[in-house]
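I opened my notebook to look up a handful of backbone details, a sheet and a chain contact. I note each one below in the order in which I looked it up.

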Amino acid sequence: MIALEISCLTFTYATGRQPAITNLSLTIQSGEMVGVIGPNNSGKSTLCSAMAGIIPHFHDGRFNGSVQVATHETTEHSISELTRLIGLVMQRPENQLSGMRYTVFDEVAFGLENLGVKEKEIDERVAEVLDLTGLSSLSDRSPYGLSGGQQQKLALASALAISPEILVLDEPTTFLDPLAARQVFDILLELRKQGKTIVLAEQRLEWLAEFADRIIVLADGKLALSGTPAEVLSDPIIKEVGLDWLAYTRVAKMAKVKGLWPQKRPLPVTLAETVAGFGGLQEGKVCG
Amino acid sequence: MQQHDPATGGATLYIHKGTRLHRLHPFTKLCYIVATAVLVYLGPNSWSVEISLISLSLIAALEGGIIAAFWRLAWCTMLPLALFMTVIHGFLHPDNNTILFTVIDQPFYQEGLLFTASILLQLAALLSASLLFVLSTHPADLVTAITEAGWPTALAYLVGSPLLLLPAMRRRIRTIQAAQRSRGLDLEGNRLKRFRALFAIMAPLVLGSLIDIEQRAIALELRGFNAPGRKTNRRRIADSSSQKILRLSMIALCLPVIIFSLLSP
């Protein structure tokens, strides 16, 4: 089932001369985990905003094409209507706090209160997402008393409480230390197991390589490449658009030149593939 | 030790305590600010009014367990103002006539000093009432009280958000100062140097704050802040008949003062 469909999307910000997104078409299936990568100003955040309806409802500009979230055209529905279908988590954890609630529990409940959900259901749903995000023990704390990683988990919990079908995350680990980033990723993996559709703009390619079902590469607002992590992350286009191959891929490429990597074996993008590739070699044997 | 938001939040000036002052309805405390302003600026021109109001606020701050922050913030605000105004009016006030003493052949006058004292007392009374409110009222309570009263949520946020954003901005200034210092920017020295340094701080502060505000607005939209229909209010602000009577009394006290002030020449 199609969760999200973008057709020929072109968007130019009111203050911009060049389109931030140009003629982009994309289909995401339900339950898919899609990574979005690209250099700075490649259109990742614009794409995430367009998926959640922030564009064109919040940012002015020229919008052409169509974005459909579960068959709902984003231009024809308000952000608050779309929020039940698609959740967006942004980069800066602190800016996603409402500032209107005392505790972590109340902060997560804030969105549900705005949507008029009944109190009993709010309590149940908040408890559920706090449990999922590992914030249950902090439910009575002030959102401002949390670390950056905990605040980002709170932002994630706040989005999840509304139970959107699709979750879009715009570089959610940028301001987090590796441990906190890893914890956020663990939550995403749990969500994927539960069948949630996830779109994740992310710089940490090694994690996308391991966990994403598909990766799309943006360059200058255009779709440069789309495919499985193994296909995309070892493709020369990655270097052409200003990104770099993962260390695993680079090492295997060098090894291949020297005959130390099986010629027919695809270049690895994960540690497991690298170990398997090199482990398959007999000691001292050079591949022909 | 002060306790800001539960578990050292500190994003607002609010200090979390469960005292009677904290439990007062935000509108009761707002009415006190309004009554103070009316009495101080439109009421009888007497220092005893201001001193009584300041004393009342001090007692309330003491009872509310916020006296340390109250005292510190009051002095931090009033002291520079007092120094500046005393010098200006003591030497230059147009009504100056009675010389108190001279400083390097420049006479310092009693009239200017009394004028300064009068202005400072008015400000101190109003500041005390405002500090009581800010230190003992969580923005969330204010916003909830406004929405409970049937006012639009956007207005409620407009009123409540400055209480939240100002301390956040203060934190941002400190971060920018540290970042600019690490790049060799001299924030010490004479006024010209400090004035130049101000630009290096203001530009990232303003731009950063604008981005923050935009992101916060998007975050609120995404959480249905502007969703049509009835909202659920899990948090209710306690109110009582006695508080309602108190608020009406304060308003009733203000009305004759305002009318008298408008009618008097």
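I began with A:Phe11 and found that it stands opposite A:Ile21 in β2(A). The strands β1(A) and β2(A) run antiparallel and are joined by six bridges; two strands count as paired if DSSP finds at least two bridges between them. I took strands (E, at least two residues) and helices (H or I, at least four) as DSSP runs, numbered from the N terminus. I noted that this is a predicted model, in which local features need pLDDT of at least 70 and side-chain atom pairs count only at pLDDT 80 or more, while totals for chains, interfaces and linings use all residues. Residues are numbered from 1 along each chain as its sequence is written, and chains are lettered from A and ligands numbered from 1 in the order in which they are written.

Next I followed the sheet, which is open and has four strands of chain A in the order β2-β1-β4-β5, with antiparallel pairing. Its edge strands are β2 (21–29) and β5 (72–73) of chain A, each of which pairs on one side only. Helix α1 (residues 44–52) of chain A lies across β1, β2 and β4 (61–69) and runs at about 120° to β1(A); the axes are lines fitted to C-alpha atoms, for helices over the stretch in contact, and angles run from 0 to 180 degrees between N-to-C directions.

Then I looked up backbone angles. A:Cys8, in strand β1 (residues 2–13) of chain A, has a positive phi of about 45° although it is not a glycine. Is A:Cys8 buried or exposed? I found that A:Cys8 counts as exposed because it has 11 C-beta neighbours inside 10 Å; the cut-offs are 12 or fewer other C-beta atoms within 10 Å for exposed, 20 or more for buried and partly exposed in between, with C-beta atoms placed from the backbone. A:Asp220, also not a glycine, has a positive phi near 50° and sits in the loop between β9 (214–219) and β10 (222–227) of chain A. With 17 other C-beta atoms within 10 Å, A:Asp220 is partly exposed.

I also found a cis peptide bond between A:Ile55 and A:Pro56, with omega about 10°, and A:Pro56 lies in helix α2 (residues 54–57) of chain A.

Last, I turned to the contact between the chains, which takes 35 residues from chain A and 35 residues from chain B, counting residues whose C-beta atoms, placed from the backbone, lie within 7 Å. On the side of chain A that touches chain B, α4(A) gives the largest share, six residues.

Technical notes. Contact = placed C-beta atoms within 7 Å.
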